[in-house]
Amino acid sequence: MSLSRRDFLRYGMAAASTAVASGAIDLSPVEAAATSLRIKEAKAFPGVCPYCAVGCAQLIYVKDGKIVDIEGDPDAPHTEGALCPKGSSTYQLSLNERRITKCLYRAPGATTWEEKPLDWMMAEIAQRVKKTRDASFVEKVRVGARDVTVNRCEGIAWLGSSVLDNEENYLIAKLARGLGLVNLENSARLCHSATVPALGATFGRGAMTTNLIDVQHADVIMPTSNWAECHPVSYKWVMKAKERGAKIIHVDPRFTRTSATADIWVPIRSGTNIVFFGGLIRYAIESKKYFHDYVVAYTNASLVLDPQFKTPTDLDGLFSGFNPAIRSYDQSTWKFQLEADGYPKKDPTLRDPNCVFQRLRRQYSRYTPEMVERVCGIPKELFLKVADIYCSASGPDKTATVSYALQLNQSTNGVQQIRALCMLQLILGNIGRPGGGVVALRGHSNVQGATDFGTLYHMLPGYPAAPLQGPHPTLTDYLEKTTPKGGYWVNNPKFVVSLLKAWWGPAATTANDYAYDYLPKREKADAYSHQHFVVGMYEKKVKGFICMGQNPAVDSPNAKMARQALRNLEWMVVVDLFETDTAAVWKEPGIDPKSSQVEVFYIPGAPAAEKDGSITNTMRMAQWHVRAVEPPGDARSDAAFIVDVGTRLKALYAGSKARRDRPVLDLVWDYQPQGPKQEPNMELVLKECNGYTTEDLTDKDGAPLYKKGEPLKTFGHLRDDGSTACGNWIYTGIYPEEGKNMALRREKPKAGDYLGHGWGFAWPANRRIIYNRASADPSGKPWSEKKKLIWWDAEAKKWVGNDVPDFSPTMAPDAPRAKDGPFKGVSGTDAFIMNPHGLGQFFASIVDGPFPEHYEPFESPTQNLLSKVQTNPLAKVYNIGDLNKLGTPDRYPYILTTYRLTEHHAAGMSRHVPWLSELFFGHFAEIGPEMAKELGIRNGDMVTVETPRAKIKVRALVTERIKPFMINDKKVYQVGIPWHWGYQGVMQSARGDVTNDLVASLGDPTTFIQESKALLCNVRKEA
Ligand code: SF4
């Protein structure tokens, strides 16, 4: 980049004063003048910002083989050329003195790194993987009366990354599963894993329902995270809506720059969002502000439940079926009454006391404004004002958008907090419609893609479940138990068989159930997540670790324990741009390096500007970036590392006659590495993800459809007979013809196409707002002219409009429920096609309850006022003795919440970038003036913040932004601490104590995401 450090600050400050109040800096005008000479005759390559999941499109200018500038791409419909401070400093990810360009090796017990040749490192790594795999591999286990092939290796963990590309995550998922690895995760587990089951159970897919650009059409917007500072560029769409007259209600424990732009700031105690959303649901019902016709037509509100089903209103905090001995629910009463045809009984009047609507009403009858005030700390009058404004944005002419991020996710009630928000949107009719929707704001560039591509222990690419040894011993069992009887998931066998064909090719035959045995089978659901395997490392059960683009030494909950866990490993591979805290864990300050025997292999990686691949932003849109320059020295893409290690492992196993080695040997693994760095051909990977035919295909009338080997145009062409191979069915269509990469498209939006369908590729099938059938009424007409999106064209006999229909394109609104075929069970009014009954689900099967119920955080200043059940009875508490002690309010009287900053990111990148690191003076804690006065703390003083797990020292930032709460009539102070710091970093201000040391080892029962937003702490001034 052409700007000096001083210029960067100066131009950034100037631009910030005129740009949106979000912290997004539109540098383009000032830079144009400053850089015109430098970029003259430079070649521009398409890039994507590698920091957050707004996915700001970039142009990377290259001259003489060197990057000379990186700017926002002004043609991008979702970002319009803007970049925030992180995106504006991307240049320093490539050109940075701290960048490591040689392979480094740390021998067990050594006190220094040694430089080693890349080839030696790769050979040694492959040997370590093989040795540990062979020693810890389990081929068969006895389950009941049968031997089940489980092909499972528990001795190695692999952490992929939500800053790696889609194709890289796909390669990790494929190779790891081929090796039998079950400890497989990416950073989505710790940030947004609760999103997937919450949105999935409610709407059918675990993904943001709308498009950032469409936020401008909302009448009310309710961010429940610090949207303006954490996802700055996308906040322009909120501000555009505000210019149009939209109201903004910011719900957050802290006053932030988002609050500063809002009409109303609603301070809420961390961990109580279910009470707030439940209170709004109650208000919508009691004030009759819900969208009645939408609710009747498109949700399961009218379905009638078994009268034996009981809610926490009936059972003082528990649902029917709770077994305290195993802290689990028997869900046999969680069901509908059925008609003779097997479909649930319906009451369109919504009056049946057992219909979902009435049970929902009863469930939230306790969530009164008074209860909201006592539990959340939101004054009753403020709550009623907000409820009136938000719930009025409903009906044919109005819509509201809600956003969320980690405040809702990172909780022992994470899934249910997000579910409650989704249900609020559903009851107001705000899904599938312009200006409506749930905006899931992801912090890492490719959280969505890494999740889609299955670098998570519990699922395969495209969201089929990773099989379990008990219920899924054979392919038949697996498909029977994981394929519903109605909704688009009836096509599950096509997705799964095509995936097996993509992975094991000719070795996957009809005779061997398409090599289903090769897939590792999980022992149980309660295993293998990030927290599980870190504990496994601590206990020396997990011995080897591959870590790519992540920094678990700082990012993990209970991070001090996690660092000891890393030091307990036998070997560890780190692939990254810089010497991260994880890579340097053996020489952490205060630790004697000789005390750790972990053998560390550091492989230098490449940022997005130096490799080919796609990144899927938070609105499901994949954008391809191009290798603009070669990575320096031994650095190369993560894909090159994965393909190389896979190739070497196949060579090491060559000649083996053991059945357990067949999954490695038969893995299809030819990505044509080329050039001096042996970079794989990433379009080949993309084609495999998209899907292709394994033989000539004809249509149902016998007409030729495809030649063997051609890419598939649509997932509608997938088959379950082995004639198609497909690495990730939801991405089918991204590479519909040889050489045609839809993710690489950068077409300026055409007139009338505000959603920008010509830019990148949004899964599924380039649909930009999913569930958009709900934008029309049951007869197929738009609910109103103002809020129209797609509608039924009776003459043309198809759905038309401003988006790709998320529906059968020719299914008429009056079509009866399909008896067979790909849309089995779906009728012409079933807008939520992925769900078994085609309906948005208020009532849905989640392990800790079909409706969200409030339980207190494990560390709470109060008793639960809603019931006698204090904390989530199904939550995971990791059994690591004193390392996981919990605090009580008598000793730890302050609420602690963690958060992040605009200028910093996950701990592995921004603290190595000088332009970003110097923007902060160092690590700090925000404390309110009243609390500071009581403790004798002045602004700038050093303070110790303590939980039962750890203490950290930070500087006090005394600010009016932090307010106390009145909880159950008692004043409680809170403390806010950003979590970016660690012991590695470019300058003193970039180094500091690790906030996540304070966090306990707890997990939501569905996803095992940690509770890091609502803790208790003590604070004292340092002498
Ligand atoms: S960090 Fe996010 S908002 Fe900032 S430039 Fe990058 S993608 Fe855009």
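Visitor: At what angle do the axes of helix 12 and helix 19 cross?
Guide: In this predicted model, the axes of helix 12 (residues 273-286) and helix 19 (residues 414-427) cross at roughly 20° and come within 9 Å.

Visitor: Why is helix 12 called roughly parallel to helix 19?
Guide: Angles under 35 degrees count as roughly parallel. The crossing is at roughly 20°, and therefore helix 12 is roughly parallel to helix 19. The crossing of helix 12 past helix 19 is left-handed.

Visitor: Which residues in helix 12 and helix 19 meet?
Guide: From helix 12, Asn273, Ile274, Phe277, Leu280, Ile281, Ala284 and Ile285 take part; they meet Gln416, Gln417, Ala420, Leu421, Met423, Leu424 and Ile427 in helix 19. By class, this contact has eleven nonpolar, three polar and no charged residues.

Visitor: Why is alanine 123 called partly exposed?
Guide: Buried means under 20% relative accessible area and exposed means over 50%, with partly exposed in between. Alanine 123 has a relative accessible area of 31%, so alanine 123 is partly exposed. This residue lies in helix 5 (residues 118-136). Its C-alpha atom is separated by 62 Å from that of valine 296, 173 residues apart along the chain.

Visitor: Which residues surround the ligand?
Guide: The ligand is surrounded by Cys49, Tyr51, Cys52, Gly55, Cys56, Leu83, Cys84, Lys86, Gly87, Pro232 and Val233.

Visitor: How many residues of each class does the shell around the ligand have?
Guide: The shell has eight nonpolar, two polar and one charged residues. Gly counts as polar and Lys as charged, and the shell includes Gly55, Gly87 and Lys86.

How values were computed:
Residues are numbered from 1 along each chain as its sequence is written. This is a predicted model: local features need pLDDT of at least 70, side-chain atom pairs count only at pLDDT 80 or more; totals for chains, interfaces and linings use all residues. Side-chain values use heavy atoms; hydrogens and water are left out. A residue is near a molecule or strand if one of its heavy atoms lies within 4 Å of it. Helices (H or I, at least four residues) and strands (E, at least two) are DSSP runs, numbered from the N terminus. Buried means under 20% relative accessible area, exposed over 50%, partly exposed in between (1.4 Å probe, protein chains only). Axes are lines fitted to C-alpha atoms, for helices over the stretch in contact, and angles run from 0 to 180 degrees between N-to-C directions. Angles under 35 degrees count as roughly parallel, over 145 as roughly antiparallel, 65 to 115 as roughly perpendicular and the rest as oblique. A crossing is left-handed if the near helix is turned anticlockwise from the far one by less than a right angle, and right-handed if clockwise. Contact means heavy atoms within 4.5 Å.
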